[in-house]
Amino acid sequence: MLRTILARLDSVIEQIEKFVLFFGMAAALVASLVNVVMRYVFSYPLAWPPELARYCIICVVFVGASAAIKSGTHLKVDVISQLFPKMDRFNRWFSQLIVIVFAAAVIYISTDLIHMQYVTRQKSIVLEIPFCLLYAIPAMASVLMIVRSVIQLAGQPREQAL
């Protein structure tokens, strides 16, 4: 039953990640293209495309970190697994634990920053997006990373789990 719930949760998270990654990159690309055309063809640069592209790429990077957990494409040092093959299971478990601790630290730090930006009501210069929303991106992506890591740990077959 737990594996069914985790599989369903994994599927939902994957759909969210695909949506955010696709539309985030598409928006960054279109904004950059609009800016290049306006600057070099019409000699009339716009102020909003670089800001939009920057925020879209920030979102894509953090959500992409969560997607990389599922695909196993995060950078990792596997020298311990190569030198001591019997420690491979422990190494995978320990690396997921490090991801969980790091993501929890990001959430903890982000909550203070989100609160501070909410109280001061600061907004981005051109698009006037509240900074509290922009600072929430790493926190939300870190929640996805923690859930992904737990799914990875729980989804390992018995012979691979600790």
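## Aromatic pairs

In this predicted model, five aromatic pairs are counted, with ring centres within 6.5 Å as the criterion. A pair of aromatic rings is described by the distance of the centres and the angle of the planes.

## Packing of H4 and H5

Two packed helices are described by the angle between their axes and the distance between the axes. For helix H4 (residues 88-120) and H5, the angle is about 160 degrees and the axes are 8 Å apart. An angle over 145 degrees counts as roughly antiparallel, and H4 and H5 are therefore roughly antiparallel to each other.

H4 and H5 cross in a left-handed way. The contact of H4 with H5 consists of 21 nonpolar and six polar residues, with no charged ones.

## The second largest pocket

The second largest pocket holds about 210 Å³ of space. It is lined by 13 residues, and the closest to its centre are Tyr55, Cys59, Leu133, Ile137 and Met140.

Helix H2 (48-71) and helix H5 (131-155) each contribute at least two residues to the lining of this pocket. H5 gives the most, with six residues. By class, the lining has 12 nonpolar residues and one polar residue, and no charged residue is present.

Technical notes:
Residues numbered from 1 in each chain as written. Predicted model: local features only at pLDDT ≥ 70, side-chain atom pairs only at ≥ 80, totals over all residues. Heavy atoms only, no water. 1 Å grid on protein atoms, 1.4 Å probe; cavity = no way out; pocket = protein on both sides within 12 Å on 5 of 7 lines; lining within 4 Å. Points joined across faces, edges and corners; volume = space filled by probe spheres on them. Helix = DSSP H or I, 4+ residues; strand = E, 2+ residues; numbered from the N terminus. Nonpolar A, V, L, I, M, F, W, Y, C, P; charged D, E, K, R; others polar. Axes fitted to C-alpha atoms, helices over the stretch in contact; angles between N-to-C directions. Parallel < 35°, antiparallel > 145°, perpendicular 65-115°, else oblique. Left-handed = near helix turned anticlockwise from the far one by under 90°. Phe/Tyr/Trp six-rings, centres within 6.5 Å; stacked < 30°, edge-to-face > 60°.
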